[in-house]
Structures are given as structure tokens and as C-alpha cells.
Amino acid sequence: MYQLDVILKKGSNLAIRDRTGTSDPYVKFKIAGKEVFRSKTIHKNLNPVWDDRVSLLVESLKDPLYVKVFDYDFGLQDDFMGSAYLHLESLEHQRTLDVTLDLKDPQYPEHNLGSLDLAVTLSPKEGDTRDATMLLRRNWKRSCKYQSMRLSDVHRKAQLWRGIVSISLIEGRSLQPMDANGFSDPYVKFRMGHQKYKSKTIPKTLNPQWREQFDFHLYEEQGSYVDITVWDKDAGKKDDFMGRCTVNLSHLTKEQTHKLDLPLEEGEGLLVLLVTLTASAAVSISDLSVNMLDDPHERHQIMQRYSLWRSFNNLKDVGVVQVKVIRAEGLMAADVTGKSDPFCVVELSNDRLQTHTVYKNLNPEWNKVFTFNVKDIHSVLEVSVYDEDRDRSADFLGKVAIPLLNIQNGERKAYALKSKELTGPTKGVIFLEIDVIFNAVKAGLTTLIPIEQKYIEEEPRVSKQLLLRNFNRVRRCIMFLINTGCFINSCFEWDSPQRSICALVLFVIVVWNFELYMIPLALLLPLAWNYILIASGKDTRQDVQAMEDLLEDEDEDFDRDDKDPKPGTWEDSRDKNYILEDMLASWHFEWIRAMVDSERKGFMNKLYAIQDVCISVQNALDEVASYGERIKNTFNWTVPFLSWLAIVAFGAATTIIYFIPLRYIVLAWGVNKFTKKLRDPYTIDNNELLDFLSRVPSDVQVVQYRELKLDPNPSPNKRKKNNPG
């Protein structure tokens, strides 16, 4: 029996795993396949200094100390950065030795991944072997328990943010020209820890005006730096780097807006930003026995905080949501042992919290309570279940998406888990109890401001199924317009004399008595008509079923493509190119190989350009179809809150136009537009109508947010179909 004392000092020249050229490294120690230590995470550093100390009991010197380094990525996936073995048999007893471990990747042993500096001391433990064995077991249990508690505390602190950093990207000045036409197509990337944003691209300019806002969470363990890089968008090839700058938040005072003119390093020009640091509103993780809404006194205080007479205090604080994650049942087995190590991630917009992991269990109980502040009542609460894998990314087990406006307060419900795309079922159910308290006036006003952007996620990919789905959605919208035009034309053609007579009489009456206020008044009629139909039990929302069938067919196509890959795919063509290259190399035809390489590079550039065009077409079709579906869903009462808000807006417009002459309305609108830049030079422009429509779900989102019916006894075939993985 031996005691091994280890001081983890520092790392040197570690591998880059993040796009900004840095990593967030932490270290794990393993002995005999068991994890015995995990260090703290050092953010954004390739030469981290830990100075962590740990004492371990070692039963046999034949088992080496296995050291692994990972790059921390918040929430789900940690990237491998290298590993090394410390052979204990080679250590001198009772002497502190400085050890440098060179990190390697077993799959690519020739790669240099940096090194770790340790100080180790190995000391024999005297005493009875049986007592030592019992001591070892107690030490393992105590160490594991302490380590679990320590990790839990660190994990909880890492999740809870202490403030909000609001950054308004205003403009760029005198940026570097990167294109042959003397201009650039600049966009900006922001990063603070795991949080990443990307601005829109402004084409053909050296003085871009972005006028966008991004909110970051400020964590305890994170550095107080925001990394900013500027890029030139290029179709068909890699984007050009235009410069970088950094914002040191520790130099800024809180609760105050700072205007920053930041010169670009490694480039030309500067960026103009507005940065505001504010204290965080209530966000918490607690056990089921401790939660604020179950306390009548605290609940009354929160109800008072969001009462109607406080509607104009802090418009960004719309409400609060409390999520009780009780348990899950019948989860998918993700490990070879027939079990899973599930944990649960709760997301609301960019706010993300997660539970602890329950090991080797398909029916885990978490009994955790998460509290979020609501900034937009139209946000969607996403609850995902994953299987923890220590040495690789977590496996997806299931997910549900619940719009806040669909929540029944205080109701404990079982939700059937869905696939990652939320289009079909997967195995298992999760039990949740959710409460939402919000101010309706604040919720209505925030509907008319730009929606919060999501962190940068995966780059969009070209998908045959997605392109076909978006094309069919656009075609349905166009067919609706064509059918409407045909109906109107049939009135002119007198296909139905009765219909044409009614249309003629209505046309004469409306034109003879027409006033401008009748336009918003006429828009109230379809809302009222659909409300009457729904109240009488006739649901007008029939297109959703067609969309659901389309998504199910799309899932089957995805499964078929995954199971039966067809020849001629990108991988096949790439493999053929590699085979050709190896063959040419073996024949030593260097001049032929140079020709093939140049042709392949030109072919690859063409492929990338075609891919960019396809992605643009795919996204454009989605945007056009979504706006058409959102307008329809506004009048169909898909989201009653938004339909009532539309009625209020149309009613107010009718009243204003009826009582106020049009020239005064146009005059007020024009003066406001002309003086807006003078009154607030850094205001962020927005379109209230588009902001409103962005909150209305499209038909695809309606299907994704729809609850699945619980099937207590699914057939084996159906279960197999629902869980192809």
C-alpha cells in the first residue's frame, strides 16, 4: 500500500481546440480505470497554471497513473487534448520528484500536444494489509464522495451567472479592403468563454452599420474578457481575417453604458461598441424541498413584482419560470451494459442549467428545481436528456420543447421524449412541473422589439430533405395566393351568379363608403370569424397535420439515407481522390499529381460555391414559407396571446385613423423617422411588424412544440422505428 501525493503545476503549449486559437483545459487522473481526480478549468489559456494538490492511496505500483487533458465546452461536449502515463514503479520512495509528461494522442502519436509539469511523492504505507485495504476502500468512497460533491459545487457555480454583459455592435470605420473591388463583406464574431455570437454580414463596405445587440452571461469562473474578431465573407472559399480586439470587462463600471472605440489589431480600422454590465436577476438551482414558489410569502412577493401596476418598471424583466425536473422513466440504454448515465439539461433561450448525473439507471430521479428569469414570454423551454460519457461527447437520449405560453401552472406532467429534431418520438418519458408568472403588459411590449439571438450553433448544411420541405412549404403559400386569385376571378367571370351578385353588391357598398380606418377594421374580421369557429368546435388549423406527415416522411428519408448510403456521395468522391493520389504517388508522376491537385482545388472551390448557393436558397425558402405560415397562424389563433395582441393593435389603429387626420399621422411618423438618429445616434433599428411575426410559430415549429400522446405499451416494431440508433 502506497500514498501518492501529486501537485499538478502547469501545462505548456497545449493543443488548440477552440476557434479563437485557445482552449479551456482541465486534467483528469485515473488509476486502474477509475477516475480519482479532476482539476479546475482554466479558461482560454494554452499555458495554464493549476497548482492543484491531491493525495491518493495506491494498492499496486503496476497500475500507472493515467493523465488525460480535456478542453471544457459548457454543457455537452469536451474535446480531448492529449494523455500520458506516469509509471509508478520508476519513482523513488519518499522523495519529491519534478516530472514533465509529454501529451500524445494515441490515434496520432506523431502530433505534439504540449506537456504537463507535476511534482510527485510516493511513500509506502505501513501497517496491517487488511487494515490498509479497508482504509483504501474508505478512502476511495470518501474521495469519490468528496470529489462528487466538489464537482457538483464547481459545476453549480460554473452554471450560475452573476451578471449580464449587453454589447451593442454599432458600426465599423475604415476597415481593411479584402476583395478585388476595393471593399469587404465584413461580419463580427464575439466570444466570452463558451458563449459565441456572430453578427450579420454587411456587403461591399468598409464602414459597415450593424446596429445589433448581444447579451452574454458573466460567470464566476470565467475571465472578464470578450474576444472580438472581424471577418470578410467569401463565397466558395475560406473567409478572410480582418482583425481582432478585446474588451476587458474588469475596467468597466456596472449599471452604466460605455461607448468604446476599439482599434483592430492585426488589421485596419476600428469598431464602435456600447457595453453595459448589469447585475443578474434571480437564477438558481435547488433541491425539490427548497423552492421559492412553494413558499406562500415568496410567491405573493413575486406576484406583486409582476402585477399590472408595475408594468413599466424594468421592461426587460418580464417574468419568472420555475422548472421542477422530477424524474424520467424508460430511457434508452446508451451503454454496452444495457444502462445509461443520464443527466438533464434545461434551456430557456441562451440560459442553460443542468442536473447532476445519475449513474447506471434507466429510471433516474433528479428532484431538482431550476429558476429562470423570463425576458421574452414567447421563448421555448427545452429539456434534453443525455447520457454522460467520460471520455467523449454525451449521447443524446431525448428532448421536449414547451412554449412558456402553453404551460399549465403547478401541473405535474409526463412528457414523451422526442428526437433531436423534435419531429418524432424516442424512448422514455420525463416528469416535469412548471410554473410561469409574468406581466402581460411587459410581455406584449417586448413582442415588438427584436428577438434575442441564439448562440452560434452548428453551421447550416445542405439537406435534400430540408430543401424539398421548404420548397413544398413555399408552394403551399403560393397555391393559397393562386386559389384566392382564382376565387376573385371567378366572381368576375360569373361562374356562380349568386356569388358574383353578392361580390358586386359588397364591392359597391365598400367603395362608396370607403374610409382608411376600414383597412385595420377589415383585418379584425378574419380574426373574429376564426375565433367563433374555434369556440364552436370547428378547428381551422388543418395544415399542421399535413406538415406533421411531411416531417415524418422526412425522418424516414433521413433514416434510409443513414442506413443505405448511396454511391457518389461526398465521402466516396473524397476517397476516390485519395486513392488516385496514392496511386500517382506510387508511380512517382509528380507532375501529374500537381495537375490533379490544382484541378481538385478548383473543383473543391466550385463545390463550396455551389454549397453556399444551396444553403442561401434553402434559407431563403424557409424564411419566405415561415412568414407566410406565421401570418396564417396569427389569424388561426395558434397562439391566442398573439392573436389577442393583434386584435388590440388593429383596434388601436382603427381608432387612431378614425379620429386623427391622416396628414397628422404621416407627419408624426416622418418627423420621428428623420429625428431618430439625431435623438439617439446609436439606436438599434427594428421593424415592429417583423418582430411580432418572429414570435408567431411556423407550421414546422407548431409540430415541434406539440406534445406527443403517451403510449404505455409501444410495439417492438414501433419502438425499433422510433429508436434507429
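This is a predicted model: local features need pLDDT of at least 70, side-chain atom pairs count only at pLDDT 80 or more; totals for chains, interfaces and linings use all residues.

Stop 1: Colour β3, β2, β5 and β6. They form an open sheet of four strands, in the order β3-β2-β5-β6, with antiparallel pairing. Now go to the edges: β3 (34-38) and β6 (79-86) each have a single partner strand, so one side of each is left without a neighbour in the sheet. Ignoring direction, neighbouring strands are turned by 25° against each other on average.

**Stop 2: β5 against β6.** Select residues 65-71, which make up β5; this strand pairs with β6 in the antiparallel sense over seven bridges. Show side chains for phenylalanine 70, and you'll find phenylalanine 80 of β6 opposite.

**Stop 3: proline 25.** Hop to β2 (residues 25-31), where proline 25 sits. Is proline 25 buried or exposed? Its relative accessible area is 0%, so it counts as buried. Leaving aside neighbours within four places in sequence, its contacts include Leu14, Trp50, Val69, Phe70 and Met81.

**Stop 4: the cores.** Which residues have the most contacts inside the largest nonpolar core? Select Val321, Val325, Val346, Leu404, Ile430, Leu432 and Ile434, out of 45 residues in that core. Zoom in on leucine 432: not counting residues up to four places away in sequence, it touches Val325, Val383, Val400, Ile402 and Tyr415, among others. Then jump to a second, separate core of 34 residues, including Leu14, Val27, Val69 and Leu116.

How values were computed:
Residues are numbered from 1 along each chain as its sequence is written. Side-chain values use heavy atoms; hydrogens and water are left out. Two strands pair if DSSP finds at least two bridges between them. Helices (H or I, at least four residues) and strands (E, at least two) are DSSP runs, numbered from the N terminus. Axes are lines fitted to C-alpha atoms, for helices over the stretch in contact, and angles run from 0 to 180 degrees between N-to-C directions. A nonpolar core is a set of buried Ala, Val, Leu, Ile, Met, Phe, Trp, Tyr and Cys residues joined through side-chain atoms within 4.5 Å. Buried means under 20% relative accessible area, exposed over 50%, partly exposed in between (1.4 Å probe, protein chains only). Contact means heavy atoms within 4.5 Å.
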